[in-house]
Amino acid sequence: MCIRDRVSTQSTGTIRKATMVSAKKSKKGAESINSRLQLVIKSGKYSLGYKSTLKCLRAGKAKLVLISANCPPLRKSELEYYSMLSKASVHHYNGANNDLGTACGRYFGVSCLAIIEAGDSDILNAKGN
């Protein structure tokens, strides 16, 4: 992160205030979704894995589906199709399945997960989704 110092210019007499400039906005977005996901894991209802996510989508229980970046294309398109039918929103997670599993607090990879109830998190109405 860059910090701009206070600079006074004598010719115009203006003073710039110290501001923080973010180096990477995508990293901040990833941290935001990870923190929201951790809150869902603590206080909400969710379903990990491909088979149980499909079951939730077929039953119409899922509100949001997170798909990892290295999920196979056929699986990804099937999840997107079922999400469209059940009117659930889809978020393509930037990390691989191991990163998504780590964000969920698991020691294994998670290719997709369905969020059934958000709990205390605001992950369903976040702008980044």
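Is Thr 53 buried or exposed? I began my notebook with this residue, keeping in mind that the model is predicted. Thr 53 turns out to be buried, because its relative accessible area is 0%, and a residue counts as buried under 20%.

**Entry on the surroundings of Thr 53.** I looked up where the residue sits and found that Thr 53 belongs to helix H2, which covers residues 50-59. I then listed its contacts, leaving aside the neighbours within four places in sequence, and noted Ser 47, Val 65, Leu 79, Cys 112, Leu 113 and Ala 114. For its side chain I also noted a polar atom that lies 2.4 Å from the backbone oxygen of Gly 49.

**Entry on strand E8.** Next I turned to strand E8, residues 112-117, and asked how many of its 6 residues are buried. The count is 5, so the strand is largely enclosed by the rest of the structure. I then looked up its partners: strand E5, residues 45-48, pairs with E8 in the antiparallel sense over 4 bridges, and strand E6, residues 64-67, is likewise antiparallel to E8 and joined to it by 4 bridges. To follow these pairings residue by residue, I wrote down that Tyr 46 stands opposite Ile 115 of E8, and that Ile 115 is also the bridge partner of Leu 64.

**Entry on rings.** I searched for aromatic pairs and found 1 in the structure. Tyr 81 and Tyr 82 make up this pair, with 6.1 Å from centre to centre and 65° between the planes. The pair is classed as edge-to-face, because an angle over 60 degrees counts as such. How exposed are the two residues, Tyr 81 and Tyr 82? Tyr 81 is partly exposed, with a relative accessible area of 49%, and Tyr 82 is partly exposed as well, at 22%. I also checked for a charge over a ring, and noted that the charged end of Arg 75 sits over the ring of Tyr 50, 4.3 Å from the ring centre.

**Entry on the whole chain.** Finally I stepped back to the chain, whose secondary structure comes to 4 helices and 8 strands. Read from the N terminus, the elements follow the order β-β-β-β-α-β-α-β-α-β-α-β. Of the 129 residues, 30% count as buried. Among contacts with a separation of 6 or more, 70% are between residues 24 or more positions apart. The accessible surface of the chain is about 8600 Å², and carbon and sulfur atoms account for 52% of this surface.

How values were computed: Residues are numbered from 1 along each chain as its sequence is written. This is a predicted model: local features need pLDDT of at least 70, side-chain atom pairs count only at pLDDT 80 or more; totals for chains, interfaces and linings use all residues. Side-chain values use heavy atoms; hydrogens and water are left out. Rings of Phe, Tyr and Trp (its six-membered ring) pair if their centres lie within 6.5 Å; planes under 30 degrees apart count as stacked, over 60 as edge-to-face and the rest as tilted. Buried means under 20% relative accessible area, exposed over 50%, partly exposed in between (1.4 Å probe, protein chains only). A charge sits over a ring if NZ of Lys or CZ of Arg is within 6 Å of the ring centre and within 35 degrees of the ring normal. Helices (H or I, at least four residues) and strands (E, at least two) are DSSP runs, numbered from the N terminus. A polar contact is a pair of N or O atoms within 3.5 Å; within protein, one must be able to donate a hydrogen and the other to accept it, and residues adjacent in sequence count only if both atoms are side-chain atoms. Contact means heavy atoms within 4.5 Å. Two strands pair if DSSP finds at least two bridges between them. Accessible areas come from the Shrake-Rupley method with a 1.4 Å probe; for residues, only the protein chains shown count as cover.
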